[in-house]
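Visitor: I am new to reading protein models. Could you take me through this one?

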Protein chains: 2
Amino acid sequence: MAQVAVLGYGTVGSGVVEVIEKNSDVISKRVGEDITVKYVLDLRDFPGDPIQDRVVHDYDTIVNDKDISIICETMGGINPAYEFTKKALMAGKSVCTSNKELVAAHGPELISIAKANKCNYFFEASVGGGIPIIRPFNEALTAEKIDCIMGILNGTTNYILSKMENEGAAFDTVLKEAQEKGYAERNPEADVEGYDAGRKIAILASLVYGETVKFEDVFTEGITKIAPVDFEYAKKLGLTIKLIGLEKETSEGRFAVVTPRLIGSESPLAGVKDVFNGILVHSNMLDYSMYYGRGAGKLPTASAVVGDVIAAAKNPGNHLTCVWEEKACSLADYKKLAQKYFVRVAGNMAELKADIEKVFAGASFVQLDNVTDEFAFVTEEMTELEYDKKAASINNIKSMIRM
Amino acid sequence: MAQVAVLGYGTVGSGVVEVIEKNSDVISKRVGEDITVKYVLDLRDFPGDPIQDRVVHDYDTIVNDKDISIICETMGGINPAYEFTKKALMAGKSVCTSNKELVAAHGPELISIAKANKCNYFFEASVGGGIPIIRPFNEALTAEKIDCIMGILNGTTNYILSKMENEGAAFDTVLKEAQEKGYAERNPEADVEGYDAGRKIAILASLVYGETVKFEDVFTEGITKIAPVDFEYAKKLGLTIKLIGLEKETSEGRFAVVTPRLIGSESPLAGVKDVFNGILVHSNMLDYSMYYGRGAGKLPTASAVVGDVIAAAKNPGNHLTCVWEEKACSLADYKKLAQKYFVRVAGNMAELKADIEKVFAGASFVQLDNVTDEFAFVTEEMTELEYDKKAASINNIKSMIRM
């Protein structure tokens, strides 16, 4: 029997207990032994809850108990999760986490401590919620050189953008509704400004490069400036707008950025709607592959944590390789990334088109029906440095979205 | 250094050599040692080919060489692949295969021989080509009870259906074109009659149930009867037509069937076009997840084989659990599966509608513009036994497609 402790009895932690108990039959079959939750660490008590007798308030009870071989860290935040995780790994106990903040900040250090102590630090749930993505990277796409990832990595913003597209509603209106439904947090900054997606693309890019991509180095632009009219243009162009975490290696270097992007309706990412996540990977032998599912939520996220628990239980004393070194990965300036740009301009298209074409050669223009006081154009592919230079000479630019 | 032998230097086998050599840097990093191809077994010689000096014609050279720890079986067919695989596993050499026919026919036996000899029989490439699906099932979705799989598992038929949809072309025309392009074989039966997809859903269903679903027990209906007009109705209904390998567990029992199906444009499977494959999985904690990519082709398939080689090289002497027993899985009669039906009828809708509604209560009717001599209706959900009984009393049914 493998005995587990759960740190933090919040949404994901209580989900972990639920998954382990509800699916105990299939889990036992796959592991070859039972998995049971011996402790739940929380500051609170939970009188009346089936786990009430297993709640402890002192972490030492867990870390000093030799029966505990696996710990689920579902507390979130850096402290005290970081200290707790280190202590556990140094005691040879595997840690399975959903804490993307901690993984993005200290992943490689914790992996190397796990390696030194013949146990594992697993973090499948830190990216894409319940979607298997870390394990495919580490254990299935191992014969591949990945050169590009485009991920819809945040369910809240994807829900908001899907609603804006379908209902023509404004960002603020949809955000408020999402908050009322519990799809967005009261302080939505981490989601809508792209920070959550930024941490996730930092983790994925680190796994691709084998070196540490720091979240702080990832350029992020959120969705707060996306307007309903942008979707009208997008529709006319056969495109849609998604918040994309992009990792790309080109001759200019390595890029990791989060921005809204216009993507074609033929892309499999275009079909990733509402709270779903989708991660499109391009690699040199396989070409495109995509991983799709629920990127958040109690049970999907908990399921990924428990999948890690099962992997840990099947590999006692055996550290599974994960190539991710502490060495900082040097990213290229995001302004050097080449792409197309969708640009909205105030004014009359007939009057301004010729001037714009002088600056943006090969641009294609688009105007909405019955709108005469603004129009838009799509540029050829160029770096953002080039774009900025050209755009500085155009008056009345209202907004720009990368493609 | 791990030394590998490749059995069969055809499309996939030569791809395996190419992937191992082209991506040797990343592969060595992930395994922690180099992987090299020592032998290629083929009846032919390949003068001028870089592997010409490594070609052997006698399998015993390979199986008796203690330096060979891993064998890639990319021959296809049951014999002699079955004997060769058994011999290798009994000698403690792991076998990685793309041979779905052999896996579907003898998978559990070969897995148990591997287990007894502390090596592995891996078959990621047997389903979905380069898409990671077997490994996610065995190593990531382990905390889940999977209750339904809907898979677009055959690239040839998906290409044909996509072409028919986009161009309004007839099945025979598109098949001929696909054959000329090399997307379809000269004898296309295994693809267009659904046998290839049938073997793949048999493998996936076996992994879900942990018991052997025999290909012979999988009801298969191919795409040869799908007509361009079916796509016209589908478009009007906001649907598309795909060849779906379905695994489903209901209160009536366990089902595994391959048939064309009308699916909604909001399904992520609707976006799986051309030669791509997509496998949509429903499980009790995660809800829906999907795995998308190239389901065939030299390098994608070879990449999956090499991913298995890497897993084998990282686990010498360690059999990784795969719950798939030889015991036959008892499938329910496919006629007991409940679903809706799209039915085309010859004749005048105004004259026939009332009679049909008497039999198929709640049916919804649809007619194409400018067509008066036929129409269609969509039934409520019912078993195929019920449908057959009701349909027997309707004259002039031209065709039926399940939904």
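Visitor: In which loop is Pro80(B) placed?
Guide: Helices (H or I, at least four residues) and strands (E, at least two) are DSSP runs, numbered from the N terminus. By that naming, Pro80(B) sits in chain B in the loop between strand E4 (68-73) and helix H4 (81-90).

Visitor: How should I read the numbering, and what kind of model is this?
Guide: Residues are numbered from 1 along each chain as its sequence is written, while chains are lettered from A and ligands numbered from 1 in the order in which they are written. Local features need pLDDT of at least 70, side-chain atom pairs count only at pLDDT 80 or more, and totals for chains, interfaces and linings use all residues, as this is a predicted model.

Visitor: What is omega for the peptide bond from Asn79(B) to Pro80(B)?
Guide: In chain A, a cis peptide bond joins Asn79(A) and Pro80(A), with omega about 5 degrees. The bond from Asn79(B) to Pro80(B) is also cis, and its omega is near 5 degrees.

Visitor: Is Lys118(A) exposed, partly exposed or buried?
Guide: Lys118(A) is in the loop between helix H5 (100-116) and strand E6 (121-122) of chain A, and has a positive phi of about 50 degrees although it is not a glycine. A residue is buried if 20 or more other C-beta atoms lie within 10 Å of its own, exposed if 12 or fewer, and partly exposed in between, with C-beta atoms placed from the backbone. Lys118(A) has 14 C-beta neighbours inside 10 Å, so the class is partly exposed.

Visitor: And which class does Asn396(B) get?
Guide: Asn396(B) is in the loop between helix H14 (384-391) and strand E18 (397-402) of chain B. Its phi is positive, about 70 degrees, although it is not a glycine. Because Asn396(B) has 10 C-beta neighbours inside 10 Å, it counts as exposed.

Visitor: Which element gives the largest share of the side of chain B that touches chain A?
Guide: Two residues are in contact if their C-beta atoms, placed from the backbone, lie within 7 Å. On that basis 44 residues of chain B are in contact with 44 residues of chain A. Helix H2 (24-31), helix H6 (134-140), strand E12 (287-294) and helix H12 (298-314) of chain B each supply at least two residues of chain B's side. The largest share, nine residues, comes from H12(B).

Visitor: Which residue of E12(B) is the bridge partner of Gly293(A)?
Guide: Strands pair if DSSP finds at least two bridges between them. Strand E12 (residues 287-294) of chain A is joined to E12(B) by five bridges, and the two run antiparallel. In E12(B), the partner of Gly293(A) is Ser289(B).

Visitor: Within chain A, which element supplies the largest share of the side of domain 2 that touches domain 3?
Guide: The domain assignment, automatic or from a database, gives domain 2 (136-294) and domain 3 (337-402) among the domains of chain A. In chain A, 13 residues of domain 2 are in contact with eight residues of domain 3. Helix H11 (228-236) and strand E10 (253-264) of chain A each supply at least two residues of the domain 2 side. The largest share, six residues, comes from E10(A).

Visitor: How many residues does the largest nonpolar core have?
Guide: A nonpolar core is a set of buried Ala, Val, Leu, Ile, Met, Phe, Trp, Tyr and Cys residues joined through C-beta atoms within 7 Å. Val16(A) and Val16(B) are among those with the most contacts inside the largest one. The size of that core is 260 residues.
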